[in-house]
Amino acid sequence: MSMSGDSKEPREEQSQAPLIEHLIELRSRLMRAVIVILVVFLGLYSFANDIYTFVAEPLMALLPEGSQMIATEVASPFLAPFKLTLVVAVFIAIPFVLHQAWAFIAPGLYDNEKALAIPILVSSIALFYGGAAFAYYVVFPLLFEFFTQTGPENVAVMTDINQYLNFVLKLFFAFGVAFEIPIATFLLIQSGATTVESLSKKRPYIILGCFVVGMLLTPPDVISQSLLAIPMYLLYEVGLLFGRLVRKRKEEKEAAEEHETDL
């Protein structure tokens with residue numbers, strides 16, 4: 001009895017050892033990511049007010065002469081730039097954070113999965129940044145021009161800095177995530193969960209879904225909803241296009257392998 005009990009204990013210890021090693025590695029990589037974010041934040045903190053001014057520029061440029069932004073809470077002049085700088089630090093550190101995530105999961109992937117994962121990872125980062133840039137340079141000017149010109153003439157436009165920050169961060173996130181649609185569409189096709197033909201037939205539902213998502217993720221106005229929904233649908237079509245190209249290459253490769261086998 002004692003021998004069987006002794007043999008079970010080493011087996012349990014052996015099974016627990018890889019799990020503990022993975023947890024230690026995960027903690028290490030999380031700590032690295034947090035440290036990098038902290039370092040970037042500390043480097044940017046002295047420019048916190050400048051960063052906020054840059055983010056507020058699309059609205060400030062359209063405010064009536066003599067208007068300005070205001071702070072309705074005592075701590076807002078400090079907390080709003082602080083919060084924005086922290087978000088920007090995370091935004092800048094995203095490539096490093098995702099690299100740490102990739103380094104953690106890469107050993108468990110096959111070679112063909114690694115070859116596919118790296119382009120997807122790089123594309124995801126670029127598309128997220130592209131979505132945020134689209135929001136800042138295209139959506140914000142159109143949106144704020146509409147808001148500042150449609151109000152009553154006797155109402156002074158003086159937006160609270162904290163409310164403005166929450167508004168733009170929500171849009172940054174919404175457009176950043178929306179621009180990931182080509183990646184999501186491509187992965188669905190590549191994994192075999194669906195086909196290009198099936199997704200093509202569901203275009204009416206996709207268009208409706210884009211506007212529903214735009215309604216949920218943006219402020220309650222038709223302009224901002226449309227500015228999110230239309231790019232989402234166009235990016236969906238881009239995902240279908242890449243799905244067709246990859247499928248065509250896969251079919252050509254399989255046909256070439258069959259031809260070599262016949263020879």
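Modeller: Before we start, a contact here means heavy atoms within 4.5 Å of each other. This is a predicted model, where local features need pLDDT of at least 70 and side-chain atom pairs count only at pLDDT 80 or more, while totals for chains, interfaces and linings use all residues. Residues are numbered from 1 along each chain as its sequence is written, and side-chain values use heavy atoms, with hydrogens and water left out.

Colleague: Which residues does the "transmembrane region" annotation cover?

Modeller: The unreviewed UniProt entry lists residues 30-48, 84-105, 117-144, 164-189, 205-222 and 228-246. Positions are in the numbering used here, feature names are shortened, and annotations may be inferred rather than shown by experiment.

Colleague: What does the chain look like over residues 84-105?

Modeller: Residues 84-105 are 100% helix and 0% strand, with end C-alpha atoms 31 Å apart. Over residues 164-189 you get 92% helix and 0% strand, and the end C-alpha atoms are 39 Å apart.

Colleague: Switching topic: is Thr185 buried or exposed?

Modeller: Thr185 counts as buried because its relative accessibility is 6%. The cut-offs are under 20% relative accessible area for buried, over 50% for exposed, and partly exposed in between (1.4 Å probe, protein chains only). Across the 263 residues of the chain, 31% count as buried.

Colleague: What does Thr185 touch?

Modeller: Leaving out residues up to four places away in sequence, Thr185 touches Leu199, Tyr236, Gly239 and Leu240. Thr185 itself sits in helix α6 (residues 181-191).

Colleague: What about Leu208, buried or exposed?

Modeller: Leu208 is exposed, because its relative accessibility is 55%. You'll find Leu208 in helix α8 (residues 203-217). Its C-alpha atom is 9.6 Å from that of Tyr233, 25 residues apart along the chain.

Colleague: Which residues make the nonpolar surface patch?

Modeller: Leu19, Leu23, Leu26 and Leu30 make one of about 370 Å². Patches use residues with over 30% relative accessible area and no salt bridge, joining like charges within 9 Å and nonpolar side chains (Val, Leu, Ile, Met, Phe, Trp, Tyr) within 5 Å. A salt bridge is a side-chain nitrogen of Lys or Arg within 4 Å of a carboxyl oxygen of Asp or Glu.

Colleague: Where is Leu19 found?

Modeller: In helix α1 (residues 2-45), and Leu19 is exposed at 52% relative accessible area.

Key:
Helix = DSSP H or I, 4+ residues; strand = E, 2+ residues; numbered from the N terminus. Areas by Shrake-Rupley, 256 points an atom, 1.4 Å probe, with all protein chains shown as cover.
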